Amino acid sequence: MKTAVSIYLALLMTAAATPSWADPVVLRAGDTMQKQIEVQKGKKVTIRLASGEELSGTVKSVSGNLLHLGEISGREVFDAVVDVDKISAILVRR
């Protein structure tokens, strides 16, 4: 019985540690880059800038033409504010 409970708790903890991946992309008439980013709020995404640079992190908020990307991976900084007009692609892991 103790073994079954231990296995259950281990599985539960593993499931809780799973990262929050982004929602699948669904395009609708009239969508903009900003609307697509808003759908991914709270999720992990990679954005590609017009310059070719990529940033991966969690979409914190979108306000006007600005994206607040948090928890930037592979960087010493942890947050970034990005001009939505400079984004050429949103890469979504499913």
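How many salt bridges does a search of the whole structure find? The search finds three. The model is predicted, and its chain holds two helices and five strands. In sequence order these elements follow the pattern α-α-β-β-β-β-β. The points below cover the chain as a whole, the strand pairing, the nonpolar core and the salt bridges.

**Chain as a whole**

- The chain has 94 residues, and 24% of them count as buried.
- Taking contacts between residues at least 6 apart in sequence, 34% join residues at least 24 apart.

**Strand pairing and hairpins**

- Strands β1 and β2 run antiparallel and are joined by five bridges.
- Within this pair, Val45 stands opposite Gly57 of β2.
- The hairpin formed by β1 and β2 has four residues between the strands. Gly52, in its turn, has a positive phi of about 100°.
- Strands β2 and β3 also pair in the antiparallel sense, over five bridges.
- Val59 has Leu69 in β3 as its bridge partner.
- The hairpin of β2 and β3 has two residues between the strands, and Gly64 there takes a positive phi near 60°.

**Nonpolar core**

- The largest nonpolar core has 15 residues.
- The residues with the most contacts inside this core are Ile37, Ile47, Val59, Leu67, Leu69, Val82 and Ile87.
- Each of β1, β2, β3, β4 and β5 (87-91) supplies at least two residues of this core.
- Val59 and Leu69, the bridge partners noted above, are both in the list of residues with the most contacts inside the core.
- Leaving aside residues up to four places away in sequence, Ile37 touches Val59, Val62, Leu67, Val84, Ile87 and Ile90.

**Salt bridges: the network at Glu71**

- Lys44, Lys60 and Glu71 are linked in a network of salt bridges.
- The side chains of Lys44 and Glu71 meet at 3.7 Å, N to O. This pair links distant parts of the chain, with Lys44 in strand β1 (residues 44-49) and Glu71 in the loop between β3 (66-70) and β4 (79-83), 27 residues apart.
- The side chains of Lys60 and Glu71 form a salt bridge at 3.1 Å, N to O. Here too the pair links distant parts of the chain: Lys60 lies in strand β2 (residues 54-63) and Glu71 in the loop between β3 and β4, eleven residues apart.
- Lys60 is partly exposed at 32% relative accessibility, and Glu71 is partly exposed with a relative accessible area of 44%.
- Glu71 counts as partly exposed because its 44% lies between the cut-offs of 20% for buried and 50% for exposed.

**Salt bridges: Glu54 and Arg48**

- The side chains of Glu54 and Arg48 meet in a salt bridge at 2.5 Å, N to O.
- Glu54 counts as partly exposed, at 36% relative accessibility.
- Arg48 counts as partly exposed as well, at 31% relative accessibility.
- Strand β1 covers residues 44-49 and strand β2 covers residues 54-63; these two strands form the hairpin with Gly52 in the turn.

How values were computed. Residues are numbered from 1 along each chain as its sequence is written. This is a predicted model: local features need pLDDT of at least 70, side-chain atom pairs count only at pLDDT 80 or more; totals for chains, interfaces and linings use all residues. Side-chain values use heavy atoms; hydrogens and water are left out. Buried means under 20% relative accessible area, exposed over 50%, partly exposed in between (1.4 Å probe, protein chains only). Contact means heavy atoms within 4.5 Å. A salt bridge is a side-chain nitrogen of Lys or Arg within 4 Å of a carboxyl oxygen of Asp or Glu. A nonpolar core is a set of buried Ala, Val, Leu, Ile, Met, Phe, Trp, Tyr and Cys residues joined through side-chain atoms within 4.5 Å. Two strands pair if DSSP finds at least two bridges between them.
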